[in-house]
Amino acid sequence: MSLFKRFTKTKEDVPESNTGSADDAAGSGAGQGDAARAAAGDSGSKPKKGGLFARFRAGLKRTSDILNTDIRDLFKQEGQLVDDDFLDRLFALLVRTDMGVNPAREIQEQIKKDFRGRKAEMDEVLTAVKAKLLELMAQDQQPLEVNHQPTVVLVVGVNGSGKTTSIAKLTKMLIDRGYKTVLGAGDTFRAAAVEQLSVWADRLGAEIVKGDQGVDPASIAHRAVAKAIETNADVCVIDTAGRLQTQTNLMQELSKIRRVIEKQIDTAPHEVLLVLDATAGQNGLSQAKGFADAVDCTGIVLAKLDGTAKGGVVIPIRQQFEIPVRYIGVGESPEDLALFDPAQFIDALFSTD
Ligand SMILES: Nc1nc2c(ncn2[C@@H]2O[C@H](COP(=O)(O)OP(=O)(O)O)[C@@H](O)[C@H]2O)c(=O)[nH]1
Ligand SMILES: [Mg+2]
């Protein structure tokens with residue numbers, strides 16, 4: 001099976017007519033403020049060219065420049081001697097992707113064990129690096145399952161991590177798959193946040209439940225779930241304001257949102273997705289770790305992988321979090337979301353197509 005097919009396989013059952021770009025289906029968001037449109041990623045609304053896999057590759061380019069291009073550059077001629085100098089330079093490149101010193105050391109050790117003191121071909125070293133990377137980030141792919149009607153998805157994370165944009169992407173994916181989706185604008189902290197989600201809802205053709213700035217987000221969550229039940233929607237996705245696990249009142253607010261949802265549907269929320277910003281560095285990661293521990297999340301959406309050369313951060317995430325990475329964000333458009341599958345991820349990073 002081709003990489004492209006594997007990458008798109010969750011959409012195999014999508015009817016042809018449902019695969020149009022969200023921009024086509026969305027209209028212009030007329031009547032909404034410019035700021036909200038900008039926040040909703042309106043940079044001209046032109047669908048990017050080149051198909052899904054090309055976009056995925058392009059989104060990962062900055063990390064790929066290190067892992068693929070720079071490692072290839074270590075091979076000045078056919079049959080590179082794998083000596084200490086080579087191993088040190090390989091280690092330095094790996095560390096630059098933010099994978100962490102220990103994983104970089106593990107890969108370096110593996111290459112040393114396999115090739116040290118002899119001339120190795122570039123392809124065999126790359127194959128060994130890829131195999132080790134795969135081992136370090138191993139997990140099954142876990143697409144969002146719509147097993148309940150409605151399936152309730154709560155989206156949480158720190159400020160600016162990419163929650164609202166990721167909701168737009170998930171919504172597009174769900175609508176493309178034929179699922180009727182209701183959004184809950186649970187970030188009532190800022191009026192602009194409600195506007196931002198409203199613009200996306202209009203564009204994507206999703207129903208939205210919202211309220212005035214400052215209203216209790218639990219009441220929005222309640223109304224959104226009620227609307228989903230009433231309209232026989234398949235999925236209800238609830239946005240929340242950014243918060244840190246150290247902000248006790250905001251964490252209690254989140255617990256209240258959960259309780260309210262649970263009262264309506266005892267199995268809900270079915271998913272609590274933690275959105276992480278791939279550019280946030282190790283500090284951001286330890287913040288998010290506390291969050292995940294406090295909130296009982298079911299999976300991670302790793303946003304902004306396109307904005308960073310530090311895509312190696314997937315490795316410490318896989319090692320430190322008990323929950324899987326479900327999706328990765330590789331751009332600001334609604335279609336820039338990919339199911340996270342380590343093998344595909346590595347293929348895309350190392351592809352030379
Ligand atoms: N390049 C890029 N930008 C993103 C991605 N996800 C979100 N953003 C941008 O990050 C900023 C914050 O995103 P937003 O969804 O509003 O974050 P929230 O505060 O967590 O809801 C916005 O400018 C988004 O366009 C992504 O995957 N790639
Ligand atoms: Mg937001």
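Asp296 is exposed, with 12 other C-beta atoms within 10 Å. In this predicted model, Asp296 sits in the loop that runs between helix H13 (281–295) and strand E8 (299–303). Its phi is positive, near 65°, although Asp296 is a residue other than glycine. Most residues other than glycine have a negative phi.

A positive phi also occurs at Asp98, where the value is about 70° and the residue is again not a glycine. Asp98 belongs to the loop between helix H6 (84–96) and helix H7 (101–115). Is Asp98 buried or exposed? Asp98 counts as buried because it has 23 C-beta neighbours inside 10 Å, and the cut-off for a buried residue is 20 or more.

## Two cis peptide bonds

Most peptide bonds are trans. A cis bond, however, joins Gln149 and Pro150, with omega at about -5°. Pro150 is placed in the loop between helix H8 (122–136) and strand E3 (151–156).

The peptide bond from Ala268 to Pro269 is likewise cis, and its omega is near -5°. Pro269 is located in the loop between helix H12 (248–264) and strand E7 (271–277).

## The surroundings of ligand 1

Which residues are closest to ligand 1? They are Gly162, Lys163, Thr164, Thr165 and Gly329, within a shell of 21 residues that surround the ligand. Helix H9, formed by residues 163–176, gives the most to this shell, contributing three residues.

By residue class, the shell around ligand 1 consists of 12 polar, five charged and four nonpolar residues.

## The buried side of helix H15

Helix H15 spans residues 342–350, and its buried residues are Pro342, Phe345, Ala348 and Leu349. These residues lie on the same side of H15, because they cover an arc of only 130° around the axis. An α-helix has 3.6 residues a turn, so residues three or four places apart point the same way.

What do the buried residues of H15 pack against? Their partners are four helices: H4 (51–59), H5 (61–73), H8 and H14 (314–320).

Technical notes: Residues are numbered from 1 along each chain as its sequence is written. Chains are lettered from A and ligands numbered from 1 in the order in which they are written. This is a predicted model: local features need pLDDT of at least 70, side-chain atom pairs count only at pLDDT 80 or more; totals for chains, interfaces and linings use all residues. A residue is near a molecule or strand if its C-beta atom, placed from the backbone, lies within 6 Å of it. Ala, Val, Leu, Ile, Met, Phe, Trp, Tyr, Cys and Pro count as nonpolar, Asp, Glu, Lys and Arg as charged, and the others, Gly among them, as polar. The arc is that of the directions from the helix axis to the C-beta atoms. Two residues are in contact if their C-beta atoms, placed from the backbone, lie within 7 Å.
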